[in-house]
Amino acid sequence: MAKKENRFEVVYKDGAQLKDDGVRQIIVDTETGVNYLVWKSGYAGGITPLLDSEGKVIVTERKR
């Protein structure tokens, strides 16, 4: 059976779950190249696309 590739790749991680500020990650959708900021702390969390200074979504060129 072929190994299934993950759709999302973590490219940056900072913080710790045990601290009040939680964990921050930047993940990239490997199919679209869109970058997202993910934050989680305890039972709370959030996700949002990363934007550049002009308000456009940051897209990383996909590896083929």
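## Model and strand S3

Helices (H or I, at least four residues) and strands (E, at least two) are DSSP runs, numbered from the N terminus. Lysine 40 sits in strand S3, residues 35-41. Residues are numbered from 1 along each chain as its sequence is written. The model is predicted, so local features need pLDDT of at least 70, side-chain atom pairs count only at pLDDT 80 or more, and totals for chains, interfaces and linings use all residues; side-chain values use heavy atoms, with hydrogens and water left out.

Lysine 40 is partly exposed, at 38% relative accessible area. Here buried means under 20% relative accessible area, exposed over 50%, and partly exposed in between (1.4 Å probe, protein chains only). Aspartate 21 is 19 residues from lysine 40 in sequence. Their C-alpha atoms are 8.6 Å apart.

## Salt bridges

The whole structure holds 4 salt bridges (a side-chain nitrogen of Lys or Arg within 4 Å of a carboxyl oxygen of Asp or Glu). Arginine 7 pairs with aspartate 29, with the closest N and O atoms 2.9 Å apart. Arginine 7 is in the segment before S1 and aspartate 29 in strand S2, so the bridge ties together parts 22 residues apart in sequence. Aspartate 29 is buried at 3%, whereas arginine 7 is partly exposed at 38%.

Arginine 7 also bridges to glutamate 31, at 3.8 Å between the closest N and O atoms. This pair links distant parts of the chain, 24 residues apart, with glutamate 31 in the loop between S2 and S3. Another bridge joins lysine 56 to glutamate 54, the closest N and O atoms being 3.6 Å apart. Glutamate 54 is exposed, at 61%.

## Around glutamate 31

Glutamate 31 is partly exposed at 46%. Beyond its neighbours within four places in sequence, glutamate 31 contacts Arg7 and Arg62 (heavy atoms within 4.5 Å). Glutamate 61 lies 30 residues away along the chain, and the two C-alpha atoms are separated by 9.9 Å.

## Aromatic pair

The search finds 1 aromatic pair. The ring centres of phenylalanine 8 and tyrosine 36 are 6.4 Å apart and the planes meet at 70°, so the pair is edge-to-face. Rings of Phe, Tyr and Trp (its six-membered ring) pair if their centres lie within 6.5 Å; planes under 30 degrees apart count as stacked, over 60 as edge-to-face and the rest as tilted. Phenylalanine 8 is in strand S1 (residues 8-15) and tyrosine 36 in strand S3, so the pair ties together parts 28 residues apart in sequence. Phenylalanine 8 is partly exposed, at 42%.
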